[in-house]
Each structure stands twice: as C-alpha cells, then as structure tokens.
Amino acid sequence: MSPRSASVNEELRRRSRERLLQAAVEVVSEHGYEATTLGDIADRAGSARGLVSYYFPGKRQLVQSAVHRLMNRTLEEALEREPRTEDGRERMARAIDAILGLARDRPVLMRQHMAGLLQAEGFLPCPEQRRLAELLRDTVVRNGSQDPDADYPMLRALLMGSVYAALVPGVPMPLPVLRAELFKRYRLDWELGVPPDTEAASGGTGGTDLSRFFATGAAPECDPEGQSK
C-alpha cells in the first residue's frame, strides 16, 4: 500500500477541523462558554487536545468560528430552501428570520457569542465569518441596495442588535416585536420568510443533529497503518 496522498491528508485535516467546530457548538450550547474547556471540545470531537491548538489559537477563536459556521450555514439553508427564489424581499425576510431563529433556538450559544464580540478582540477573522459576510452582503444587493458597502454593515448591526435585545437576561424583547421592526425598516410584508406564528417557525435549528451544518462524514478509507487504500 502506498502512503496517503496529499489530497487524502487534506481531507482528513478538513474533517478534523469540522468535528471541532461542531463539538464547540454542542458543548457550549449545553454548558456555556466559561464552563467549557478545550479539552471538553476535543473529547466531544474525538480528537487529541493538541489538535485543537493546531487549528485554532485559543478557545475564543474556536467558538467564534463555530458560531459563525452555524450562522452562515443556517442562513444559506434558509436562502436556498424550496421553493427557491431570486426575489430580493423574500430573501431578506428569510435572512432576518434565520438569524432571529438562532436566538430563539440556541439562546445559550448566541448569548455567549454576543458576549464574546464585546471583548477586546471583537470580530476575529476566519473563513466562517467571511462567508457569513458574503451571504449578508449578497442579500442586501438582491434586495435592491444601491450602496451595499453602507447597507451591509447596517443590516449586520441591526441583526446583532436584535439578537442582543432578544437575549438580555431579565428583560428580553419578544422576537415577533423585533421582527416587526426589522420588517418595517426593510418594507417587508409579514407573510414573507417564516412568520413566527407558522408551524415551520417552531422547527429552526434547535435539534441536536448538527451534521447538516458540519461536513464531518466518514474519513477516506485507510488500512491499520494509516495508508490509503
């Protein structure tokens, strides 16, 4: 048997990183950020503790990348679900509902994420964050923006503010109220997207199976000595 090819090694590394991202979402959702250690995440992912440091400088970077991955894949899924549409107003409504839905379905995770963004590091550049930015920018463009460089940061700020307002301990604002304000700003009909009083709105991303958001399928087949078959 010949040694593993470079492409197989690259695929193994990609899947290892994906498992760590998924594990970070799961463990922080269950226990909160402060109570979660890198060892906990590595154990959930079935990875060696040292492998975490190979991919991520620290816990903050790992968790922020994991949440951004969940956000961009949730948004992507909402924008592309059937019936698919190129209508800019419908896509804007879906985008708003997707992000607000994360606040509803994963409050612990999103509360910790918002708290992390208020730390000195703020946004930490990563591929997941860049993909999220691309999707939101494309959303404002398709909605008819004449100045996406100004309108995209505004949409991002409004969504972040709404998530924060929905998750403030003790005084959370109802998501339908926040949705109504965002829909009013963007002149969207209430029936667009996934209104909170519909059956579909109760599903969201709250399930325990996150596999559709993280590409953690079976690794390339290898023999017991690590060689590709």
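Mentor: You're looking at a predicted model, where local features need pLDDT of at least 70 and side-chain atom pairs count only at pLDDT 80 or more, while totals for chains, interfaces and linings use all residues. Residues are numbered from 1 along each chain as its sequence is written, and side-chain values use heavy atoms, leaving out hydrogens and water.

Trainee: Okay, so how many helices and strands are there in the protein chain?

Mentor: Helices (H or I, at least four residues) and strands (E, at least two) are DSSP runs, numbered from the N terminus. Here you get 9 helices and 0 strands.

Trainee: And what does burial look like across the chain?

Mentor: Call a residue buried under 20% relative accessible area, exposed over 50%, and partly exposed in between, with a 1.4 Å probe and protein chains only. Of the 229 residues in the protein chain, 47% are buried.

Trainee: Which residues is E90 in contact with?

Mentor: Contact means heavy atoms within 4.5 Å. E90 sits in α5 and is buried, at a relative accessible area of 13%. Setting aside neighbours within four places in sequence, E90 contacts R81, T85, L192 and G193.

Trainee: Where do I look for the largest nonpolar core?

Mentor: In soluble globular proteins, nonpolar side chains tend to be buried together. A nonpolar core is a set of buried Ala, Val, Leu, Ile, Met, Phe, Trp, Tyr and Cys residues joined through side-chain atoms within 4.5 Å. The largest one has 58 residues, and L20, L62, L75, I96 and L188 have the most contacts inside it. Not counting residues up to four places away, L62 touches L20, L21, A24, L38, I41, V52 and F56.

Trainee: At what angle do α4 and α7 pack?

Mentor: Axes are lines fitted to C-alpha atoms, for helices over the stretch in contact, and angles run from 0 to 180 degrees between N-to-C directions. Helix α4 (residues 59-80) and helix α7 (residues 127-142) pack at about 30 degrees, their axes 8 Å apart. Residues that meet there include H68, M71 and L75 in α4 and R131, L132 and L135 in α7.

Trainee: What about the backbone around P83 and R187?

Mentor: Most residues other than glycine have a negative phi, and most peptide bonds are trans. The peptide bond from E82 to P83 is cis, with omega near -5 degrees, and P83 lies in the loop between α4 and α5. R187 isn't a glycine, yet its phi is positive, about 55 degrees. You'll find R187 in the segment after α9, and it counts as exposed at 71% relative accessibility.
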